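Morning, everyone. Let me put the model up, and then we go through it piece by piece.

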Amino acid sequence: MQNMMRGFVFIVSILLVAGLAACENRPPAREKVPETRMAEVEVKILQEQPWSETISSFGVIDAAKEIVITTDFSERVEKVHVKEGHRVKTGQLLIELDRRKQELRLARYRTSLKEAKANLTNTQTTLKRQEALFSGRNIPQSKLEEAQLALKTARARYEEAVAAVQLGERELADRRITNPAAGEVVKRSVEAGETIRPGAELMIIQVVDAVRVITYVTEKDINHLSLGSEATVTTPAVPGRTYTARIESLGTKADPDTGSFWVKLAIANTEGLLRPGMTARVSLQGLTYQDAILVPDRALVDRHRRRVAYIVVDGRAVQVEPVVALSSIDRVQVLSGLQAGDQLIVGGVEINVDGTPVKAIPVATDSDTGS
């Protein structure tokens with residue numbers, strides 16, 4: 001029995017040795033190399049195209065013109081016909097001043113004018129009679145000269161009387177102060193019964209058929225604007241309306257606190273919906289380029305505090321840092337760093353790393369989509 005067990009152990013040992021030897025002769029298994037997965041990205045082929053830059057800013061609506069009502073004389077106020085906030089028409093009566101002294105003075109001037117006119121008529125008749133007598137040698141020349149002098153004096157007094165009446169009529173008319181232009185009363189500084197002083201401010205009228213928008217632009221933008229250029233203006237106060245404006249003046253000196261330059265624009269306000277103090281969003285028309293390179297704003301991403309883009313070169317994403325200028329809502333003008341023909345990555349930009357293999361999928365260009 002013991003001999004049989006020994007034989008069994010011997011056979012098992014031989015089989016184990018043979019198995020180990022077979023394992024040592026078997027070639028090692030190959031490790032599987034993972035396949036490189038290429039990211040799919042959308043690209044646009046950049047092209048040169050005409051483009052007019054737009055400069056966006058915020059501003060405030062102001063009165064195009066303010067008229068300060070004053071007088072150059074002192075007088076008592078009889079009536080004030082308008083209040084602050086009233087809309088007034090051209091020629092509308094605003095203030096009435098005391099007219100009694102001017103009415104009396106004008107009556108005296110007119111009486112003097114009648115007397116001067118009658119005297120002038122008499123001297124003209126006398127001169128004609130003296131001329132006839134002198135031609136018949138019935139009076140000496142001295143009498144004729146006296147008549148001529150009398151006529152000259154009478155004519156001078158008549159002209160003075162005419163001027164006095166005109167002055168009196170003007171003084172009387174000045175006691176009724178009328179509105180010189182359609183607008184709105186924004187300030188009233190006088191009440192009935194007061195005595196006004198020469199040069200004192202009585203009322204301020206803001207012209208409303210036209211308003212002005214005052215906005216500010218940076219030093220980079222100011223030289224891209226020109227007088228007379230068009231702009232569009234919107235305001236939350238009048239939703240759904242877009243107004244066309246024109247640049248009427250440009251600042252020549254930067255604000256010392258902000259470094260910005262003011263821009264003033266004129267807008268027609270025939271409906272009177274725009275009022276001073278309203279806020280406005282302004283889109284100014286800047287320079288026009290015939291060969292601009294424009295890229296979608298979404299193609300630019302932040303990397304280490306820099307704004308970069310990616311283009312496809314030989315199947316790999318290559319990082320570039322373009323120099324950009326003004327932008328609209330969704331497009332940016334490139335000054336350098338990108339050129340026509342570049343395959344700009346516009347979709348999947350956020351997953352890119354410089355040198356990453358990518359598979360480019362072309363998308364429509366801006367000119368194709370009309371954007």
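Start with Glu 78. It is partly exposed, at 32% relative accessible area. For reference, buried means under 20% relative accessible area, exposed over 50%, and partly exposed in between, with a 1.4 Å probe and protein chains only. Quick housekeeping. This is a predicted model, where local features need pLDDT of at least 70, side-chain atom pairs count only at pLDDT 80 or more, and totals for chains, interfaces and linings use all residues. Residues are numbered from 1 along each chain as its sequence is written, and side-chain values use heavy atoms, with hydrogens and water left out.

Back to Glu 78. Its salt-bridge partner is Arg 76, with the closest N and O atoms 2.5 Å apart. A salt bridge here is a side-chain nitrogen of Lys or Arg within 4 Å of a carboxyl oxygen of Asp or Glu. Arg 76 is partly exposed too, at 29%. How many salt bridges does this rule give? The count is 17.

Next pair: Arg 87 and Glu 184, 3.1 Å from N to O. Arg 87 sits in strand β5, Glu 184 in strand β8, and 97 residues separate them. Strands are DSSP runs of E, at least two residues, numbered from the N terminus. Arg 87 is partly exposed at 40%; Glu 184 is buried at 13%.

One more: Glu 230 and Arg 246, again a salt bridge, with closest N and O atoms 3.1 Å apart. Glu 230 belongs to β12 and Arg 246 to β13, so the pair ties together parts 16 residues apart in sequence. Shared partners also join Arg 87, Glu 184 and Arg 275 into one network.

Now the sheet. Four strands make an open, antiparallel sheet, ordered β3-β10-β8-β5. β3 and β5 are the edges, each pairing on one side only. Pairing needs at least two DSSP bridges between two strands. β8 and β10 have five. One of the details: Lys 187 has Ile 204 as its bridge partner in β10.

On to the core. A nonpolar core is a set of buried Ala, Val, Leu, Ile, Met, Phe, Trp, Tyr and Cys residues joined through side-chain atoms within 4.5 Å. The largest has 22 residues; Val 213, Val 233, Leu 265, Ile 267 and Leu 284 touch the most other members. β14 gives the largest share, four residues. Apart from it lies another core of 19 residues, including Ile 95 and Val 207.
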